[in-house]
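Please take a first look at the protein shown here.

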Amino acid sequence: MREAPNRRLRKNTMSQFLLSSQPRARWMRLDTAQLLKRFFFCERSLLVSAAAWIPVIAPLDAKIGLARFIWQNAETAHAMRNRVFELRFPSRLLEEQGADQALIELFGAVQDSPSVAAFLLSIGKALLPALRDSYREYLEASDAIADGPTHRFLSLALSEKEEQIRAFEQWAESVLSADPELREGSLAWTKGVADRLSQVGGVGVGPSPSLPATGTLPGSRPYAIPERPARDRRFWPCRFYWPDIVDPGYPYGEGVQLQLRSAISHVNEVWAIEAGGVMLSAFANILPWEWIYNAARWTYDESRHCRMGYERLMAWGLDAAEIPLGTYIYESASGHDPTYRLGMLYFFETKNIRHKPARTQLFHAYGDSVSEHDMDFDWADETMHAGYGKHWLKELLAVRGEDPAAYHQVRECW
Ligand SMILES: [Fe+2]
Ligand SMILES: [Fe+2]
């Protein structure tokens, strides 16, 4: 039964119009766009800093996990950015941080953390919880009808943040228990990050405080791309993980040798996770957002390939101490322009891709469905990566005023 209009609508005695007080109208279109823009820049700064740290972090599960979180956060940031455009926010304003500059700088400042433990702890205890709380507040206060598209991806981002916080805390704790002397300095650094966060007004869902840049954090150590990658001590440390790297006459092998070679090769794609992280961060301020978005996916994919190899080797009962984890590919680009890391990754993508379907068939013939499965998925990823490599190498050359057609020459250096 229909209610009479005068009972359904609460008339405001002060107005001649139909008014109702509903919390869902709290934020107007541009208010939500401002907040999403702030979240986008925080996510962007954090993931760029985190990507740079991939080669510095030794435990394989943390290296692989970090790549996955960087990808998750790039997906979240990408959805936020698209939503801001949908909301018809002036698009040129998405190119600048605006009134949230001090906050966004702080999210980037963890790149200069003084140690691995300090880096992990400050993100796990200060920055990620601030994002988690802000997303929760946003979801509670915004309108699930008008802003439904945001609700979908932000709910997912909130649950991912909870998982990320647990992982960062656990990684920090395991680094600190192995090296207790780092605890005091890491806690002091984390407190410095948390204090600075409250000084700049936190992330939150309130108006921007429009503070000027606040300068470097006390105890910062300027980040430099490491010359050597940190390696998980459980594995057999080496430079060259298979004889054919130094002896081209050594056969790739068939049968069990091929199964092992393929799994060892996959786990050694640890170098590709590291190269992905370094180049994502190195070109973040030179190339457009789409670079960061593609590079995050690329880095995550390489972490999946690495894990594929690790899981196969473990399932066959091998001892990690007998599995070689090499460093030479990463180190061969150390001290050079990071463009060579992009060229190198692109080179390996295109060099190996043609062998993969044949190896997939061989694994099928052996009845080794896990190797077959991994190689087949890997092939699809690598085909996509070859496209990323070609596109972004050309873009990078163009941005530098060089001939984009010369991308082959960078690739040929390897
Ligand atoms: Fe790969
Ligand atoms: Fe790849």
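Which residues of H12 are buried? They are Thr339, Arg341, Leu342, Gly343, Met344, Leu345, Tyr346, Phe347, Phe348 and Glu349. That makes 10 of the 14 residues of H12, so this helix is largely enclosed by the rest of the structure. Helix H12 covers residues 339-352. From its first C-alpha to its last it reaches 20 Å, close to the 20 Å expected at 1.5 Å a residue.

**The whole protein**

This is a predicted model. The protein has 15 helices and two strands. Its C-alpha atoms fill a box of roughly 90 × 55 × 50 Å along the principal axes. Of the 414 residues, 51% are buried. Take the contacts in the protein with a separation of 6 or more: residues 24 or more positions apart account for 80% of them.

| Helix | Residues |
|---|---|
| H2 | 29-52 |
| H5 | 116-141 |
| H3 | 60-86 |

**H2 against H5**

Two packed helices are described by the angle between their axes and the distance between the axes. For H2 and H5, the angle is about 160° and the axes are 12 Å apart. Angles over 145 degrees count as roughly antiparallel. H2 and H5 are therefore roughly antiparallel to each other. The crossing of H2 past H5 is left-handed.

Which residues bring the two helices together? From H2 come Thr32, Leu35, Leu36, Phe39, Cys42, Glu43, Leu46, Ser49 and Ala50. They meet Phe119, Ile123, Leu127, Leu128, Leu131, Ser134, Tyr135 and Tyr138 in H5. By class, this contact of H2 with H5 has 13 nonpolar residues, three polar and one charged.

**Leu60 in H3**

Leu60 lies in helix H3. Is Leu60 buried or exposed? Its relative accessibility is 3%, so Leu60 counts as buried. Residues under 20% fall in that class.

Which residues is Leu60 in contact with, leaving aside its neighbours within four places in sequence? They are Asp232, Arg234, Phe235, Val267, Val270, Cys306 and Tyr310. Ser303 is 243 residues from Leu60 in sequence. In space, the two lie 9.6 Å apart, C-alpha to C-alpha.

Note on methods. Residues are numbered from 1 along each chain as its sequence is written. Chains are lettered from A and ligands numbered from 1 in the order in which they are written. This is a predicted model: local features need pLDDT of at least 70, side-chain atom pairs count only at pLDDT 80 or more; totals for chains, interfaces and linings use all residues. Side-chain values use heavy atoms; hydrogens and water are left out. Axes are lines fitted to C-alpha atoms, for helices over the stretch in contact, and angles run from 0 to 180 degrees between N-to-C directions. Helices (H or I, at least four residues) and strands (E, at least two) are DSSP runs, numbered from the N terminus. Angles under 35 degrees count as roughly parallel, over 145 as roughly antiparallel, 65 to 115 as roughly perpendicular and the rest as oblique. A crossing is left-handed if the near helix is turned anticlockwise from the far one by less than a right angle, and right-handed if clockwise. Contact means heavy atoms within 4.5 Å. Ala, Val, Leu, Ile, Met, Phe, Trp, Tyr, Cys and Pro count as nonpolar, Asp, Glu, Lys and Arg as charged, and the others, Gly among them, as polar. The expected span of a helix is 1.5 Å times one less than its number of residues. Buried means under 20% relative accessible area, exposed over 50%, partly exposed in between (1.4 Å probe, protein chains only).
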